[in-house]
Every structure is written in structure tokens, then in C-alpha cells.
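Please open the structure in your viewer and keep the selection panel at hand. The stops below are to be visited in order.

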Amino acid sequence: MKKITKSTSYQLLSTIVFCMAIFAIVHQKIAIGYLLIFIGYCLLRKSDFEK
């Protein structure tokens with residue numbers, strides 16, 4: 001069984017945040033959607049630094 005690393009958990013969390021952002025933008029919550037995109041981007045960058 002593969003061990004879940006910190007980098008993998010950040011990538012998974014950022015994927016969930018990006019999905020929430022798409023859902024928010026579709027439902028006309030533009031500001032929240034862009035905020036979630038920014039948070040997801042920061043999480044992806046953090047996962048790159050954990051490697």
C-alpha cells in the first residue's frame with residue numbers, strides 16, 4: 001500500500017478546492033470562485049515545494 005505523503009495530500013486538497021471553485025463560478029458566485037482558484041493555486045505551489 002502506498003503511503004500518502006504531504007505533497008500528495010496538498011495535491012488532493014487543491015483538486016477538491018478547484019472543483020469547489022468551478023461549482024461556485026457556475027452558480028454565479030464569481031468572487032468566491034476566484035478566491036478558491038487562488039487558494040487552489042497556492043496549495044499546488046506548496047505541494048511542489050514539499051518534494
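Predicted model: local features only at pLDDT ≥ 70, side-chain atom pairs only at ≥ 80, totals over all residues.

Residues are numbered from 1 along each chain as its sequence is written, and side-chain values use heavy atoms, with hydrogens and water left out.

**Stop 1: the helices.** Select residues 6-26, helix α1, and then residues 30-49, helix α2. Helices are DSSP runs of H or I with at least four residues, numbered from the N terminus.

**Stop 2: the core.** Select Tyr10, Val17, Ala21, Leu36 and Leu43, the five residues of the largest nonpolar core. Such a core is a set of buried Ala, Val, Leu, Ile, Met, Phe, Trp, Tyr and Cys residues joined through side-chain atoms within 4.5 Å. Both α1 and α2 give two or more residues to this core, and the largest share, three residues, comes from α1. Now centre on Leu43: leaving aside neighbours within four places in sequence, Leu43 is in contact (heavy atoms within 4.5 Å) with Tyr10, Leu13, Ser14 and Val17.

Stop 3: Select Ser14, found in helix α1. Is Ser14 buried or exposed? Ser14 counts as buried because its relative accessibility is 1%; buried means under 20% relative accessible area, exposed over 50%, and partly exposed in between (1.4 Å probe, protein chains only). A polar atom of the Ser14 side chain lies 2.8 Å from the backbone oxygen of Gln11. Beyond four places in sequence, Ser14 touches Gly40, Leu43 and Leu44.

Next select Ser47 in helix α2. With 0% relative accessibility, Ser47 also counts as buried. The side chain of Ser47 has a polar atom 2.7 Å from the backbone oxygen of Leu44. Not counting residues up to four places away in sequence, Ser47 touches Ser7, Tyr10 and Gln11.

**Stop 4: Ala24.** Select Ala24 in helix α1, which counts as buried at 9% relative accessibility. Apart from neighbours within four places in sequence, Ala24 is in contact with Lys29, Ile32 and Gly33. Draw a line between the C-alpha atoms of Ala24 and Asp48: these residues are 24 apart in sequence and 26 Å apart in space.

**Stop 5: the surface.** Finally, select Met20 in helix α1. Met20 counts as partly exposed, at 44% relative accessibility.

Terms used
Polar contact = N/O pair within 3.5 Å; in protein donor to acceptor, adjacent residues only side chain to side chain.
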